[in-house]
Amino acid sequence: MFQPASMSVPPPVSSPSVPPGATRLEEVLERTWGYTSFRPLQREAMDAILARRDSLVVMPTGAGKSICFQAPALVADGLALVVSPLISLMKDQVDTLVGNGVAAACYNSALSSEQKAQVMDDLREGRIKLLYVSPERLVGEGAEGFLRRVAAGAARVGFIAVDEAHCISQWGHDFRPEYRQLSRLREFFPGVSLHAFTATATARVRRDITEQLALQSPVELVGSFDRPNLTYRVLPRASLKTQILDVLKRHGGEAGIVYCSSRKDVDQLAAWMQGQGLRAVPYHAGLSDEERHRHQDAFLDEHADVVVATVAFGMGIDRSDVRYVIHAGAPQSLEHYQQESGRAGRDGLEAECVLIVSGADFLKWRQMLERSGEMNDQKRQLLRDIERYAAGVGCRHTHLLAHFGERYGKDDCGACDFCLGELESVGEPITVARKILSCVARVGQRFGAAHLTNVLRGSATEQVTARGHDTLTTFGLLSDQSQDDVRGYIDQLLGRGYLRQTDDQYPVLALTDDGVALLKDAGAAPDLTLARQRKPDPSRGPRRSKAETEGWEGVDRDLFERLRAFRLTVARGRGVPPYVIFHDTTLRELARTKPTSIEELRHVYGVGAKKADDLGAAVLDVLRGA
Ligand code: ADP
Ligand code: ZN
């Protein structure tokens with residue numbers, strides 16, 4: 001699925017050459033999860049745990065980090081302690097594990113006192129293999145008492161896995177102060193190894209994790225950050241609702257998330273979608289706890305297809321069949337974007353990530369961060385990076401990977417707007433850029449993008465004529481271009497640093513030093529490309545990524561839908577989300593290979609022993625059309 005980008009395994013201090021239990025890992029993987037092979041680096045990550053070597057594992061969302069600590073926990077002696085930042089995240093993982101017949105539990109504030117007592121009982125008797133806890137529980141008030149009781153259980157703590165370890169770093173996207181104290185756990189459990197897992201790849205975050213957790217010559221495993229099944233698109237914001245509907249039309253009945261930058265936008269957009277007959281729910285921090293839970297559950301349980309949300313929604317959303325993530329407005333960094341868009345296609349099947357963006361988004365972020373006193377060089381740089389991505393004309397996979405310090409080996413990813421030929425570059429980009437820059441100069445660097453677009457396109461609005469801008473030499477210089485295209489070029493020039501927006505109440509466009517140099521033709525002509533959206537060609541039909549074509553190959557779609565309905569019924573009956581029963585990948589394989597016996601069923605991807613016993617006969621009924 002993806003290739004390891006780098007691997008550094010320093011020689012072990014004392015050297016157990018083959019970790020005990022290593023050969024049993026395959027067995028456990030097959031029996032418990034129904035998977036027949038390891039994904040890249042999973043084996044190495046598991047070996048590090050079995051060898052009791054500290055480790056840092058960095059893999060993108062969906063690559064399969066959880067199994068890296070879950071499988072060794074089943075093979076090794078003792079109890080695995082898993083630190084996880086969110087209750088919903090823990091619950092999901094524990095539900096899935098229990099569904100696969102694993103003795104896992106979580107201990108957090110959401111449990112009733114009876115449930116808590118039960119967990120403590122099980123711990124004392126050594127009946128639990130994996131215990132999920134929040135960092136507050138381990139380092140906050142009352143932590144000592146809790147830890148002492150864990151330590152007194154029949155099963156010794158064998159290792160500690162720290163999930164979402166980027167929460168330790170301010171360079172990440174979700175800083176949590178309690179994470180900083182986790183290194184203290186070693187005082188409590190001397191000799192246990194610590195294993196950090198994260199999907200945030202930058203070197204800064206990695207260094208922070210190693211230092212803050214005081215990892216001792218850790219095995220570092222860094223997977224490739226490419227998500228080949230995700231198709232990335234960037235659209236300059238024009239008519240937002242139409243742009244969103246266009247995406248939704250490609251995904252009738254499928255799951256998706258639409259991120260907005262304000263609560264007001266969320267409410268309006270969700271209400272409008274409901275009015276369009278879509279099964280959409282809003283989600284943001286302004287709703288009551290009860291509403292938020294209800295809406296989140298509706299999405300997880302497939303009562304709703306779309307969540308319209310602020311970034312408050314997401315951590316802990318494990319629905320694996322999210323087929324699209326739309327951003328109606330730019331996030332504040334590529335780290336955020338990668339995290340949020342990465343919630344699409346966690347099952348490895350095709351999904352699309354659409355960023356709908358305008359230059360104003362970045363200005364809004366800057367102003368907001370300045371006003372709240374949170375702005376610093378770090379944040380400024382992160383904003384510049386995503387602005388450049390949005391304005392970029394080139395392969396999105398390549399750009400994203402480069403940001404995370406990796407080289408993309410291919411020329412054509414077959415899974416982004418650029419490589420799918422949805423953008424076309426403008427002839428003579430330098431000339432177009434100069435027309436725009438000189439117009440900015442002519443209007444005295446005192447107007448915003450909307451006004452400038454009108455002047456450039458020769459549209460004599462009241463505002464334009466009132467200021468005499470219809471008499472400028474730059475009036476109508478781009479009259480052959482559409483409004484969206486001109487707005488797009490302005491955003492691209494902003495993103496490349498030829499223009500900047502002033503920080504006023506009504507921001508205006510001004511030239512940067514680079515902009516002045518380009519206008520004056522000083523220095524070498526830069527390597528500049530400008531692009532616009534290519535008009536769709538109805539004769540070509542929708543463009544499909546490789547992942548999409550392959551993902552549906554040979555799949556009986558009707559049967560797939562029937563299996564989906566069956567999964568939903570089972571899930572409702574058991575009070576768990578459908579993806580805890582089977583992933584879409586499994587349903588598609590069933591609808592492709594149509595097994596006729598339990599024995600054949602056992603070989604289907606994602607069908608473990610417990611699932612085959614449990615649901616095998618019913619699945620065969622569905623396959624037979626009974
Ligand atoms: P991450 O935590 O890295 O985002 P998960 O642990 O949620 O990813 O795994 C993503 C999906 O991949 C899960 O459905 C998981 O069961 C599946 N998976 C993990 N390892 C394998 C494997 N070796 N073979 C097949 N599927 C796997
Ligand atoms: Zn590409």
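1. How many nonpolar, polar and charged residues does the shell around ligand 1 have? By class, there are six nonpolar, seven polar and three charged residues in that shell. The model is a predicted one, and the points below should be read as a description of that prediction.

2. The surroundings of ligand 1 comprise 16 residues. The closest are Tyr35, Gly62, Ser66, Arg346 and His583.

3. For Tyr35, an N or O atom of the side chain is 2.6 Å from an oxygen atom of ligand 1. Gln42 places a polar side-chain atom 2.8 Å from a nitrogen atom of ligand 1. Lys65 has a polar side-chain atom 2.8 Å from an oxygen atom of ligand 1. On its own, ligand 1 has 570 Å² of accessible area, and the protein covers 88% of that area.

4. Turning to the aromatic residues, the structure contains nine aromatic pairs. One of them joins Phe69 and Phe197, with 5.1 Å from centre to centre and 65 degrees between the planes, an edge-to-face arrangement. Phe69 belongs to helix H3 (residues 66–75) and Phe197 to strand S7 (residues 193–198), so this pair ties together parts that lie 128 residues apart in sequence. Phe69 and Phe197 are both buried.

5. Tyr337 and Tyr389 also pair. Their ring centres are 5.9 Å apart and their planes meet at 40 degrees, so the pair counts as tilted. Tyr337 sits in helix H13 (residues 334–341) and Tyr389 in helix H15 (residues 377–391); the pair therefore links distant parts of the chain, 52 residues apart.

6. Are Tyr337 and Tyr389 buried or exposed? Tyr337 has a relative accessible area of 0% and is buried. Tyr389 is also at 0% relative accessibility, so this residue counts as buried. The cut-off behind both assignments is a relative accessible area under 20%.

7. A further aromatic group is a cluster made up of Tyr283, Phe299 and Phe313. Which residue has its charged end over the ring of Phe299? That residue is Arg319, whose charged end is 4.9 Å from the centre of the ring.

8. Another arginine is placed over a tryptophan ring. Arg557 lies over the face of Trp552, and the distance to the ring centre is 3.6 Å.

How values were computed:
Residues are numbered from 1 along each chain as its sequence is written. Chains are lettered from A and ligands numbered from 1 in the order in which they are written. This is a predicted model: local features need pLDDT of at least 70, side-chain atom pairs count only at pLDDT 80 or more; totals for chains, interfaces and linings use all residues. Side-chain values use heavy atoms; hydrogens and water are left out. Rings of Phe, Tyr and Trp (its six-membered ring) pair if their centres lie within 6.5 Å; planes under 30 degrees apart count as stacked, over 60 as edge-to-face and the rest as tilted. Helices (H or I, at least four residues) and strands (E, at least two) are DSSP runs, numbered from the N terminus. Buried means under 20% relative accessible area, exposed over 50%, partly exposed in between (1.4 Å probe, protein chains only). A charge sits over a ring if NZ of Lys or CZ of Arg is within 6 Å of the ring centre and within 35 degrees of the ring normal. A residue is near a molecule or strand if one of its heavy atoms lies within 4 Å of it. A polar contact is a pair of N or O atoms within 3.5 Å; within protein, one must be able to donate a hydrogen and the other to accept it, and residues adjacent in sequence count only if both atoms are side-chain atoms. Accessible areas come from the Shrake-Rupley method with a 1.4 Å probe; for residues, only the protein chains shown count as cover. Ala, Val, Leu, Ile, Met, Phe, Trp, Tyr, Cys and Pro count as nonpolar, Asp, Glu, Lys and Arg as charged, and the others, Gly among them, as polar.
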